[in-house]
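Okay, everyone, thanks for coming.

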Amino acid sequence: MESTKELEESQDIEHEMRKQAKENNRKFITLQREFVVYPEVFYPPEDGHAHFVNSTIYRMATEEIAKKSRQASIEFLEVGCGAGFIGISVALSSEKCQVWATDIVDEAVKNATANAKLHGVESRFHAVKANVFDHEEINGRKFDMIYWNHPWGGYGTTTATKVQPLMRSLLDPGYQGLQSYLSKAKEYLKESGRLIVTFSYFYGSEERFTEIASENGWNIKVVDEKKCVQEMEGKRIEHFTAMVIELIEDVK
Ligand SMILES: C[S@@+](CC[C@H](N)C(=O)[O-])C[C@H]1O[C@@H](n2cnc3c(N)ncnc32)[C@H](O)[C@@H]1O
């Protein structure tokens, strides 16, 4: 997508999110569970990407859990948790699992915490307000898996661009969050820990994504991808590919 269109495109998607959330009484079903989604929190548009992404990440996390011995605990971190779909589902999958979650938007942290209570995993799901990893609860911890369903957009904005809470789901100004994620992740990963991100080269910039990954010593491995279709109410239909990407440390 041309960067000049980025803000306009994001406003259309924001409109779709608000409309669909209202039509569905602020409820979203994924991984066979119902979640509440607060007004300023990411509501996945009906383009099929969320179910693909959520089921792929859930499968990867449960495969990691299965590799552990009965006694071992597993630590999972979800950056940008939004309403908490993935982190809460992972916490529910095993009592061995401790989940931490961060979001830069206050309401997302409250929303994820409320959904964790709703599903009875509040003792194993800890959400905090943070810019990527930057919180005392997160600093010093090591995780088996770190995951971010990144906003994808934001390459055409500058780091100084002011972004409203819901738009934070779609725009990462100047890709500053992505830069922090990829530059600091190694500090937070266990030795065999896995670093995952979802991305789209249609809504995001392939050039900037690959550049930031490479500058920080990561090779990109596409774990899975899905072609999706988004209809923008009477405006246009967009075809895009959503990817689940694993960052593999470049050992050269
Ligand atoms: C595409 S939404 C994904 C929400 C949720 N994980 C999901 O899959 O439904 C991206 C999320 O990242 C959060 N976010 C954006 N920039 C962030 C940052 N710098 N640090 C932490 N969270 C951030 C947004 O507020 C939003 O909740």
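Predicted model: local features only at pLDDT ≥ 70, side-chain atom pairs only at ≥ 80, totals over all residues.

The chain has six helices and nine strands. Along the principal axes, the C-alpha atoms fill a box of roughly 55 × 45 × 30 Å. How does the radius of gyration sit with a compact globule? For 252 residues you'd expect something near 18 Å, and the chain comes in at 17 Å, so the two agree. Buried residues account for 42% of the chain. And if you take contacts between residues at least 6 apart in sequence, 69% of them join residues at least 24 apart.

Now, the core. In soluble globular proteins, nonpolar side chains tend to be buried together. Here the largest nonpolar core has 72 residues, and F76, A83, I146 and I196 are the ones with the most contacts inside it. Let's take two of those.

Strand β3, residues 74-79, runs parallel to β4, and six bridges join the pair. As for β4 itself, residues 97-103, six of its seven residues are buried.

Then A83. Setting aside its neighbours within four places in sequence, A83 touches quite a list: F28, F35, V37, V41, F42, A108, N111, A112 and N115.

On to the ligand. Which residues come nearest to it? There are 20 residues around the ligand, and the nearest are G80, G82, I104, N149 and G177.

Last bit: backbone geometry. Most residues other than glycine have a negative phi. L31 isn't a glycine, yet its phi is positive, about 50°. L31 sits in the loop between β1 (27-30) and β2 (33-36). The other one is Y175, also not a glycine, with a positive phi near 60°. Y175 belongs to the loop between β6 (143-149) and α5 (176-188).

So are these two buried or exposed? Y175 is buried, because 25 other C-beta atoms lie within 10 Å. L31 has 17 C-beta neighbours inside 10 Å, so L31 counts as partly exposed.

That's my tour; happy to go back to any part of the picture.

Conventions
Residues numbered from 1 in each chain as written. Near = placed C-beta within 6 Å. Helix = DSSP H or I, 4+ residues; strand = E, 2+ residues; numbered from the N terminus. Buried ≥ 20, exposed ≤ 12 C-beta atoms within 10 Å, placed from the backbone. Core = buried A, V, L, I, M, F, W, Y, C linked by C-beta atoms within 7 Å. Contact = placed C-beta atoms within 7 Å. Rg over C-alpha atoms; globule rule 2.2 N^0.38 Å. Pairing = 2+ DSSP bridges.
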